[in-house]
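Hi,

Here is the structure I promised to pass on. Please have a look at it, and then read on for my notes.

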Amino acid sequence: MGMPLGRLLVRRVVAAIGVLWVVSILLFSATHVLPGDPAARILGNRATPETLAELRSRMGLDRPYLVQYADWITDFVTGEVTSLATGRSVWPALRTRAGNSLLLGATALVLAIGLGFAVGLASGMQAGHPTDHTLTVGALIGLSVPDFVIAALCIGIFALALEILPPVSVLPAGTTPFDRPGILVLPAVSLALPTGAWISRFVRAAVVDARLAPNVEAARLAGLSPARVNFRHLLPGVMGSVAQAMAAASLFLIGGSVVVEQLFAFPGLGSMLTTAVRVKDVSTVLAVGLVTAAAAIAAFSLADIVGLLANPRLRRTR
């Protein structure tokens, strides 16, 4: 007997909150083992034992670990996280950068899903044929080439040689990517190509397995048209696995965005995180890391829900 969908959704939300809390502890613990002292980095040549002690006390770095964590997570939840490097609130910059990264990630994800689903479906439906072999080789090439290599090729071809797209994604003050949509193209393509190749391999495997499922074989033997067999019986069984692949693809995009945003000077969370790590701004690193983790957890939770909605039989095992 399957569990009601409402209870399953509540369980997923509670589990996501629990995972996010554990991630916050791990992130906070990891930043405390990083080499270097934030207070010493801020003071630089002006650091003396007295000034270091005063600044560490003002920043709360001399308090017990659990007290520091409790203060930080409270500030995060209430939106009062302050940058250790600048002394200003992290949230205005974090909201802007998160919005930019969300737009870039959504654009790249749409491209990756479209590419991966089309290639994976065509490859899976033609498994063992020359078309399948050709698409498989293309996907493996896409998987083998790192994001930064694709980004460099895109810059060299479309920005420098053809001069049809900007080589960097710098935004003037007070503007958003919506004001200059052209700056999204090259970073999004650089992220989407390897991610789409990975999705295509997952989709192909799911399609090949679904074609051998008993309900699909029964529909085919009943004389239903190939289109009806595929849309009514094959694709619903594939969507759960495909949704999980799409959620996992968000991790590729999050990881790749750190490098790609740096290469294109895109003002997103990736470049913000890199800058914060360089100056050892622990509070900013934690805020960006937890927001990024929340996005990844939300993606996986949404994918799980989509899989349950697309294939109700999965609820019987949950």
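Below are some notes on a pair of helices, on one further helix and on one glutamine.

Please keep in mind that this is a predicted model.

Let me start with the helix pair. Helix H5 covers residues 91–125 and helix H8 covers residues 182–211; the two pack at an angle of about 35 degrees, and their axes lie 5 Å apart. The crossing of H5 with H8 is right-handed. Sorted by class, the residues in this contact are 22 nonpolar, 8 polar and 3 charged.

Next comes helix H7, residues 147–161. How far apart should its ends be? With 15 residues at 1.5 Å a residue, H7 should span 21 Å, and the 20 Å between its end C-alpha atoms therefore agrees with that. H7 does have a bend of about 25 degrees, placed at isoleucine 155. Ile155 is also one of the buried residues of H7, a set that includes Ile150, Ala151, Cys154 and Ala159 as well. Just after the helix, glutamate 163 adopts a positive phi of about 55 degrees, so do click on that one while you are there.

Finally, have a look at glutamine 68, which sits in helix H4 (residues 65–78). Is glutamine 68 buried or exposed? Its relative accessibility is 12%, and because the cut-off for buried is under 20%, glutamine 68 counts as buried. As for what surrounds the residue, once neighbours within four places in sequence are set aside, glutamine 68 is in contact with Phe28, His32, Gly60, Leu61 and Arg63.

Key: Residues numbered from 1 in each chain as written. Predicted model: local features only at pLDDT ≥ 70, side-chain atom pairs only at ≥ 80, totals over all residues. Heavy atoms only, no water. Helix = DSSP H or I, 4+ residues; strand = E, 2+ residues; numbered from the N terminus. Expected span 1.5 Å × (residues − 1). Bend = angle between axes of the 7 residues up to and from the residue. Buried < 20%, exposed > 50% of the residue type's maximum accessible area, 1.4 Å probe, protein only. Contact = heavy atoms within 4.5 Å. Axes fitted to C-alpha atoms, helices over the stretch in contact; angles between N-to-C directions. Left-handed = near helix turned anticlockwise from the far one by under 90°. Nonpolar A, V, L, I, M, F, W, Y, C, P; charged D, E, K, R; others polar.
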